[in-house]
Each structure stands twice: as C-alpha cells, then as structure tokens.
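Work through the exercises below with the sequence and the model open. Each task is followed by a solution in steps.

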Amino acid sequence: MKCFILAVGHKMPDWVNTGYLEYIKRIPREISVNLIEIKPEKRVAGKPVEQLLLAEYHRIRAVLPHHCRIQVLDESGQQWTTKQFANEMQGWMDSGDAIAFVIGGADGLHCDIKHTANALIAVSKFTLPHGLVRVVLAEQLYRAISIIKNHPYHRD
C-alpha cells in the first residue's frame, strides 16, 4: 500500500521532523509513506486569503499522485475513532488503493481540494498547527497498522 502525505509547509521545526520520523520508521515496509511538502504561498499585506489558497491548491494538484483516494484533513471533517480509522485503512489496503492525505497550511485549504476529496477527516475539534498534524497523522497511521496486524502497541 502506498500512502502520500501532502503537507503545505516546509522548514518544519526539529521537533516536528523528529516526531514524524519516529512513527514513520516503525511502519512495516509493505506500506510506504511518502511526505510531499508543498511550499506555502507568501503571506503579504493586501493579498486575499482566497488568492493564497488558490495558489497552494494548484501546487497540491501538481504533485497529487494519480489514481489515489484523497483524504483531506480538516477541522470540519468527520471525526473517527482510532479503530474506525484502522477499519478504513484495512479497506484501503484490501482494495489496493493508494491514499493521499492532504494537510493545509496556516489558512487551511482551498474549497476545490475539499470538494474533490473522498473524505474530510478531522484530527480534532481543536485547531492544530499543521506541523503537529503531521506528527499526529504519522502516529495514527502506525497505530492503525498496529491494530490491523495485532501488534501490542495499541491497547484497548
């Protein structure tokens, strides 16, 4: 199974990279996870947010792998429990679908990427820094795979 994490933002603090890599390295080799960082549009005075988001949307579309399920992480999305997420992962693995998780930048994501998504997923009702969302997603991917493989990392 192939997973892609498309994340608006680059030059993350060391704690983000360390946390993200800690969980990604634990994922079994038969599941590849590729992080694609998307350069955020420069925030300058007078530039409308819609224009910023549209520029980032075009960058996302340019690197979005073909023929994959698009899962947008958005605070207005559906909240899953970890077990529900593991069940979804199992379905994706069984179907052989590649998955692209999309994480927005400081101002979120353009509505067009949300409309093309197969699902909107909320990591939390809290608004979280996008770097932290990378770490949480990596941990939840590892946890979901641990549940699927009956690894003792996740305890009921």
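The model is predicted, so local features need pLDDT of at least 70 and side-chain atom pairs count only at pLDDT 80 or more, while totals for chains, interfaces and linings use all residues. Residues are numbered from 1 along each chain as its sequence is written, and side-chain values use heavy atoms, with hydrogens and water left out.

**Exercise 1. Describe helix 5 as a whole.**

Step 1. Take its length. Helix 5 has 19 residues and spans 27 Å from first to last C-alpha, close to the 27 Å expected at 1.5 Å a residue. The expected span is 1.5 Å times one less than the number of residues.

Step 2. Take its burial: 14 of the 19 residues are buried, and helix 5 is mostly covered.

Step 3. Look just past its end, where Asn150 takes a positive phi of about 55 degrees.

**Exercise 2. Determine how helix 3 packs on helix 5.**

Step 1. Read off the geometry. Helix 3 (residues 82-95) and helix 5 pack at about 75 degrees, with their axes 9 Å apart. Axes are lines fitted to C-alpha atoms, for helices over the stretch in contact, and angles run from 0 to 180 degrees between N-to-C directions.

Step 2. Classify the angle: helix 3 is roughly perpendicular to helix 5. The classes are roughly parallel under 35 degrees, roughly antiparallel over 145, roughly perpendicular from 65 to 115, and oblique for the rest.

Step 3. Identify the residues. Those on helix 3 include Phe85 and Met89, and those on helix 5 include Leu141 and Arg143.

Step 4. Sort by class: the contact has ten nonpolar, three polar and two charged residues. Ala, Val, Leu, Ile, Met, Phe, Trp, Tyr, Cys and Pro count as nonpolar, Asp, Glu, Lys and Arg as charged, and the others, Gly among them, as polar.

**Exercise 3. Examine the salt bridges.**

Step 1. Start from the total: the structure holds ten salt bridges. A salt bridge is a side-chain nitrogen of Lys or Arg within 4 Å of a carboxyl oxygen of Asp or Glu.

Step 2. In helix 5 (residues 130-148), Glu139 and Arg143 are four residues apart, so about one helical turn separates them. Their side chains form a salt bridge at 2.8 Å, N to O. Glu139 is buried at 11%, and Arg143 is buried at 19%.

Step 3. Arg43 and Glu56 form a salt bridge at 2.6 Å, N to O. Arg43 lies in the loop between strand 2 (32-38) and helix 2 (49-63) and Glu56 in helix 2, so the pair ties together parts 13 residues apart in sequence. Arg43 is partly exposed at 36%, whereas Glu56 is buried at 2%.

Technical notes. Helices (H or I, at least four residues) and strands (E, at least two) are DSSP runs, numbered from the N terminus. Buried means under 20% relative accessible area, exposed over 50%, partly exposed in between (1.4 Å probe, protein chains only). Contact means heavy atoms within 4.5 Å.
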